[in-house]
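Dear colleague,

Please find the structure below. My notes on its salt bridges and nonpolar cores follow.

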Amino acid sequence: MASMRDIKRRIKSVNSTQQITKAMNLVASSKLNRAKSRFNDTKPYFEATRRVIANVVKGSKGVSSVFMQERNETEKALVIVIAGDRGLCGGYNANVCKKALEIIESKKSAVVFAVGNKTREFFKHKNIEIAESFKDVSEKPDYLDAFIIGSKAIDMYTKGEVDEVYFVYTEFITTITNEPKSIKLLPLNAEEFTDNSKEQSLTLTIYEPDEESVLNYVIPKYVKTVIYGGMVESAVCELSSRMSAMDSATENAEEMISNLNLVYNRVRQGAITQEITEIVSGSNALE
């Protein structure tokens with residue numbers, strides 16, 4: 001059995017760790033409130049953009065657009081993956097990377113846009129080609145970051161370097177629940193925007209100069225908006241996952257300290273009992 005000195009040293013070490021996890025929990029909680037506010041501000045814009053796209057796509061049936069044409073042979077796919085720059089957030093990073101890996105393994109060939117250090121580390125370990133890497137954007141995404149990522153993805157698609165573009169991020173459900181989600185950005189599937197509501201069926205859309213030009217202008221805007229929305233939502237999920245992980249770590253440390261204190265008291269009691277026994281034995285020997 002460990003000595004009292006070793007147990008006290010262990011208790012001190014766990015207590016120091018508990019203070020760190022408690023501080024990280026408070027920091028994550030503070031950041032989460034700001035991230036949620038940004039997410040709530042972004043969501044209406046994303047929904048409005050989707051309605052505009054739905055309106056345009058519905059009124060332009062039969063129009064040929066490079067962003068809506070399925071290619072005869074899909075040789076290479078681009079997968080944009082959003083994960084964290086740091087760990088200590090439970091299974092958040094691993095889950096979204098595994099979701100992206102499922103898409104990659106189902107394709108003949110694929111390259112990755114790795115957003116976040118953990119994304120780059122995961123796919124580098126898997127020996128998967130990383131076309132672009134972005135870091136220091138996971139917790140505080142900016143529209144400029146999404147614009148750059150989207151522009152590079154669209155450029156590769158229009159040049160024929162890739163035949164499909166997928167976007168993988170984490171969907172926020174509740175503070176303690178989230179799940180990875182994938183979206184096929186390009187080519188755009190018109191059926192995903194079908195809306196049978198009476199309001200939209202009566203909408204008359206006039207295009208200037210023509211439907212194809214409008215689609216070729218609007219769809220890239222939509223792609224960048226989806227990427228930005230996913231980055232903002234993923235930031236909320238990362239911070240909520242980190243807050244939950246640190247909360248669990250703090251509780252585990254508390255339980256460990258309690259158990260160590262119990263062991264320490266038993267060892268201390270055993271040492272006192274042994275000393276008393278030795279004193280009594282010595283006294284009896286003198287008599």
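Glu-238 and Arg-242 form a salt bridge, with the closest N and O atoms 3.2 Å apart; a salt bridge here is a side-chain nitrogen of Lys or Arg within 4 Å of a carboxyl oxygen of Asp or Glu. Both residues lie in helix H6, 4 residues apart, about one turn of the helix. Glu-238 is buried at 0% relative accessible area, and Arg-242 is buried at 2%. Buried means under 20% relative accessible area, exposed over 50%, and partly exposed in between (1.4 Å probe, protein chains only). Through shared partners, salt bridges join Lys-31, Arg-86, Glu-139, Glu-238 and Arg-242 into one network.

This is a predicted model: local features need pLDDT of at least 70 and side-chain atom pairs count only at pLDDT 80 or more, while totals for chains, interfaces and linings use all residues. Residues are numbered from 1 along each chain as its sequence is written, and side-chain values use heavy atoms, with hydrogens and water left out. Helices (H or I, at least four residues) and strands (E, at least two) are DSSP runs, numbered from the N terminus.

The whole structure has 13 salt bridges. One of them pairs Asp-6 with Arg-9 at 3.0 Å, N to O, both in helix H1 and 3 residues apart. Asp-6 is partly exposed at 38%, whereas Arg-9 is exposed at 51%.

Another salt bridge links Glu-75 to Lys-108, with 3.8 Å between the closest N and O atoms. Glu-75 is in the loop between H1 and S1 and Lys-108 in the loop between helix H2 (92-105) and S2, so this pair ties together parts 33 residues apart in sequence. Glu-75 is partly exposed at 38%; Lys-108 is exposed at 65%.

Now the cores. A nonpolar core is a set of buried Ala, Val, Leu, Ile, Met, Phe, Trp, Tyr and Cys residues joined through side-chain atoms within 4.5 Å. The largest has 48 residues, of which Leu-78, Ile-80, Val-165, Leu-185, Leu-186 and Ile-227 touch the most other members. Elements that each supply at least two of its residues include helix H1 (4-58), strand S1 (77-82), helix H4 (143-158) and helix H6 (211-286). H6 gives the most, with 15 residues.

Leaving aside residues up to four places away in sequence, the contacts of Ile-80 include Phe-113, Ile-149, Val-165, Leu-185 and Ile-227, where contact means heavy atoms within 4.5 Å.

Regards
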